[in-house]
Amino acid sequence: MLTTLAQAADDATASDLQLIAAAVVGVAVIIALITWLKLHPFISLTVGAVGVGIAAGLGAADSVAAFVKGFGETMGSVGILIGFGAMFGKLLADSGGADRVVDTLVGRSSPRMLPWTMALVGAVIGLPMFFEIGLVLMMPVIILVARRSGQSLIRIAIPTLAGLSAMHGLVPPHPGPLVAVSALNANLGLTLGLGVLVAIPTVVVAGPLFGRLAAKWVDVPVPALFETGDDENDNENGRRRPTFAATLVAILLPVVLMLGKALADVVAAESDSPLKGLLDFLGTPIVALGLAVLVGIGLLGKGGGMDRAAIATSLESSLPPIAGILLIVGAGGGFKQVLIDTGIADVIADAISSSSLPVLFLAWLVAVLIRVATGSATVATVTASGILAPVAAELPSTHVSLMVLAIGAGSLFLSHVNDAGFWLVKEYLGTSVVQNLKTWSVMECVISVAGLTGVLALSVVI
């Protein structure tokens, strides 16, 4: 009997090591295919994902099925948002609305303060929104601000991305922290207040401060996306430009709709009133961004003097350039699903759930390992919250809220080739894989570590 139990334990250990080895080798192969053989990332991710599944014992057919499932789910959520975002971004650019925003931002901010302004804008936009939505909304502004101001693209992009990403992981009512708040039974108001306290210095360190260093490491030209005329009052076709107020309304509309849904979910979670139902519908990301496109046709298109043909041409021409982005992001989602189906997240959780490490650091570490393995901040948050829920039940309310923030910070650590966000940022900014690792990936690590530092500091005084 004892021999049988020992054999079973040895078999389990061998299986776990096989899973971990397959994941590590798979990531290394993907990087090699892209950087050494110069294969397109879509092909590299597809080959790597299926290879990891087979090597981990998932089976050839199941590996392909997992990849297709992840690809489809990503396209069904992020893919649609990218499509709507591309339409909105092109309309924002062609109408002159993005140009109007750029002129206002550059005109009212000194060159020294511009990265700080962009960090603030990114944080505000990112508060109620999924990162991908905020990114597609802000990318025209990032690119045009860099072009118009003459500053480094990385110097402008990193602060904006830091604001978006920090809100994504640290501050309710964003969906990630809300998942942890619910799972750990934390106090939402307390978590929100502590989250803001942690997020502010985190954005400062990972945004304007790190952006200055990252701009020295990587120097890339501003992409030709979202090009517009340079005239102060008119766009490239001599039409008037939308007013700053109208442009701001169009940009903030999806933010307000999604924030309304998030607040309704908090204030009236159990309500079945018609108003709650309407807010839930309008605040659904796909609906909110779709409405932004429709409203943008009026406020931006008509406001910029575009006729029906010009608006139709703008919307149609927005889609072909993002075909490669969609395939790459979808493949990243497929790779993530293969890693999840192999059970790598469960292996990591089982290996450290009984650790004697300090509880807040342990919460961060669990989220980090799952995030690095699966590429999903949401998976990391949900899994880590489930693992730590029994521990949280024994903590005071302040430390439960801090655990939520520790998990959120860990869920952002080291975005790399199995994260759809990695490829989205890479393709928009026009960086290479290595350049993206040196800028975007390091920025995510800085956010994660700075967030943990803030959590541990607060735990000493409260």
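A residue counts as buried at under 20% relative accessible area, as exposed at over 50%, and as partly exposed in between (1.4 Å probe, protein chains only). By this criterion Arg 371, at 3% relative accessibility, is buried. This is a predicted model, in which local features need pLDDT of at least 70 and side-chain atom pairs count only at pLDDT 80 or more, whereas totals for chains, interfaces and linings use all residues. Residues are numbered from 1 along each chain as its sequence is written, and side-chain values use heavy atoms, with hydrogens and water left out.

**Salt bridges**

- Five salt bridges are found in a search of the whole structure, a salt bridge being a side-chain nitrogen of Lys or Arg within 4 Å of a carboxyl oxygen of Asp or Glu.
- One of them pairs Arg 371 with Asp 419, with 3.4 Å between the closest N and O atoms. This pair links distant parts of the chain, 48 residues apart: Arg 371 belongs to helix H16 (residues 359-374), and Asp 419 to the loop between helix H18 (397-410) and H19. Helices (H or I, at least four residues) are DSSP runs, numbered from the N terminus.
- Asp 419 counts as buried because its relative accessibility is 9%.
- Arg 371 also forms a salt bridge with Glu 444, the closest N and O atoms being 3.3 Å apart. Glu 444 lies in helix H20 and Arg 371 in helix H16, so this pair ties together parts that are 73 residues apart in sequence.
- Glu 444 is buried, with a relative accessible area of 2%.
- Lys 426 and Glu 427 meet through their side chains in a further salt bridge (2.9 Å, N to O). Lys 426 counts as buried at 12% relative accessibility, whereas Glu 427 is partly exposed at 25%.

**Largest pocket**

- The largest pocket has a volume of about 690 Å³. On a 1 Å grid over the protein atoms alone, a pocket is an open set of points where a 1.4 Å probe fits, with protein on both sides within 12 Å along at least five of seven lines. Grid points are joined across faces, edges and corners, and the volume is the space filled by probe spheres set on the points.
- Its lining comprises 31 residues, and Val 78, Glu 132, Lys 336, Ser 376 and Thr 378 lie nearest the centre; lining residues have an atom within 4 Å of a point.
- Elements that give two or more residues to this lining include helix H3 (60-94), helix H12 (285-302) and helix H20 (433-461). H3 gives the most, with six residues.
- By class, the lining has 12 nonpolar, 13 polar and six charged residues. Ala, Val, Leu, Ile, Met, Phe, Trp, Tyr, Cys and Pro count as nonpolar, Asp, Glu, Lys and Arg as charged, and the others, Gly among them, as polar.

**Helix H12**

- Pro 285 lies in helix H12 and counts as buried at 18% relative accessibility.
- The C-alpha atoms of Pro 285 and Ser 77 are separated by 8.8 Å, although these residues are 208 apart along the chain.

**Positive phi angles in loops**

- Lys 38 is not a glycine, yet has a positive phi of about 65 degrees. Lys 38 sits in the loop between helix H1 (2-35) and H2 and is exposed, at 65% relative accessible area.
- Asn 185, likewise not a glycine, has a positive phi of about 60 degrees. Asn 185 occupies the loop between helix H8 (175-184) and helix H9 (188-217) and is exposed, at 68%.
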